[in-house]
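Here is a short briefing on one protein model and its ligand. Keep the sequence and the 3D view open as you read.

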Amino acid sequence: MVAEQDGQIVGFVSGGPERSGDSLYSGEVYAIYILPAHQRKGIGRLLIREAVQALLAQGFSNMLIWVLSDNPSRTFYEALGGEFVREQPIQIGAQTLTEAAYGWIGITPLGR
Ligand SMILES: CC(C)(COP(=O)(O)OP(=O)(O)OC[C@H]1O[C@@H](n2cnc3c(N)ncnc32)[C@H](O)[C@@H]1OP(=O)(O)O)[C@@H](O)C(=O)NCCC(=O)NCCS
């Protein structure tokens, strides 16, 4: 799913089934990105709403989002009511970094 402004794509979101087989969270937002010049205008919130509506349509009522632990966008997930779930190491090239999961149980309100 993409967000457009004046015919230009300014952001995207993708989601689907949770990928690790988590026992609680069945849906996942895999990635969300808004061009820097378009951040903090509510587009991210709108894209999450769209992604949540798609997850609900696929029968998922809980979701996870993984984010690098030192990513400032954690504030965004916290503002949207995400609860910190756990951290795990992630290998990116030669580096081992840490990623954090945010979870939502009952995503219906987030889709409104
Ligand atoms: C994280 C991201 C998706 C947020 O999208 P956005 O359109 O900028 O966010 P919104 O305008 O919808 O913000 C919703 C709320 O989240 C919080 N928030 C968002 N960005 C924030 C920031 N940089 N610092 C503090 N709070 C922030 C605020 O509470 C905000 O509400 P407010 O503007 O009314 O105060 C966007 O900044 C982005 O694409 N960042 C770079 C890529 C990235 O880090 N992606 C996530 C990893 S997968």
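Helices and strands here are DSSP runs, numbered from the N terminus; a helix has at least four residues and a strand at least two. The model is a predicted one.

**The ligand and its shell**

- The ligand is surrounded by 16 residues. The closest are Ile34, Arg40, Gly42, Gly44 and Arg45.
- The space that the ligand takes up is the largest pocket.
- Which of them gives the largest share of the shell? Helix H2 does, with 4 residues.
- Sorted by class, the shell holds 7 nonpolar, 6 polar and 3 charged residues.

**Polar atoms facing the ligand**

- Look at the backbone of isoleucine 34. One of its N or O atoms lies 2.7 Å from an oxygen atom of the ligand.
- Arginine 45 has a polar backbone atom 2.9 Å from an oxygen atom of the ligand.
- For lysine 41, a polar backbone atom is 3.2 Å from an oxygen atom of the ligand.
- How much of the ligand does the protein cover? On its own, the ligand has 910 Å² of accessible area, and the protein covers 72% of that.

**Two residues with a positive phi**

- Most residues other than glycine have a negative phi.
- Aspartate 6 is not a glycine, yet its phi is positive, at about 50°. Find aspartate 6 in the loop between strand S1 (2-5) and S2.
- Is aspartate 6 buried or exposed? Its relative accessible area is 75%, so aspartate 6 is exposed, since exposed means over 50%.
- Arginine 40 also is not a glycine, and its phi is positive, at about 65°. This residue lies in the loop between S3 and H1.
- Arginine 40 has 86% relative accessibility, so it counts as exposed. Arginine 40 is also among the closest residues to the ligand.

**Buried residues**

- Buried means under 20% relative accessible area.
- Aspartate 22 has a relative accessible area of 17%, so it is buried. Its side chain reaches the backbone nitrogen of leucine 24 at 2.8 Å.
- Methionine 63 sits in strand S4 (residues 62-68). Its relative accessibility is 0%, so methionine 63 counts as buried.
- Serine 69 belongs to the loop between S4 and H2. Why does serine 69 count as buried? Its relative accessibility is 19%, and the cut-off is under 20%.

**Sequence distance and space**

- Methionine 63 and glutamate 18 are 45 residues apart along the chain. Their C-alpha atoms are separated by 7.4 Å.
- Aspartate 22 and methionine 63 are 41 residues apart in sequence. From C-alpha to C-alpha, they are 10.0 Å apart in space.
- How far apart are serine 69 and alanine 37? They are 32 residues apart in sequence and 23 Å apart in space, C-alpha to C-alpha.

Notes
Residues numbered from 1 in each chain as written. Predicted model: local features only at pLDDT ≥ 70, side-chain atom pairs only at ≥ 80, totals over all residues. Heavy atoms only, no water. Near = heavy atom within 4 Å. Polar contact = N/O pair within 3.5 Å; in protein donor to acceptor, adjacent residues only side chain to side chain. Areas by Shrake-Rupley, 256 points an atom, 1.4 Å probe, with all protein chains shown as cover. 1 Å grid on protein atoms, 1.4 Å probe; cavity = no way out; pocket = protein on both sides within 12 Å on 5 of 7 lines; lining within 4 Å. Sits in = over half its atoms within 2 Å of the grid points. Nonpolar A, V, L, I, M, F, W, Y, C, P; charged D, E, K, R; others polar. Buried < 20%, exposed > 50% of the residue type's maximum accessible area, 1.4 Å probe, protein only.
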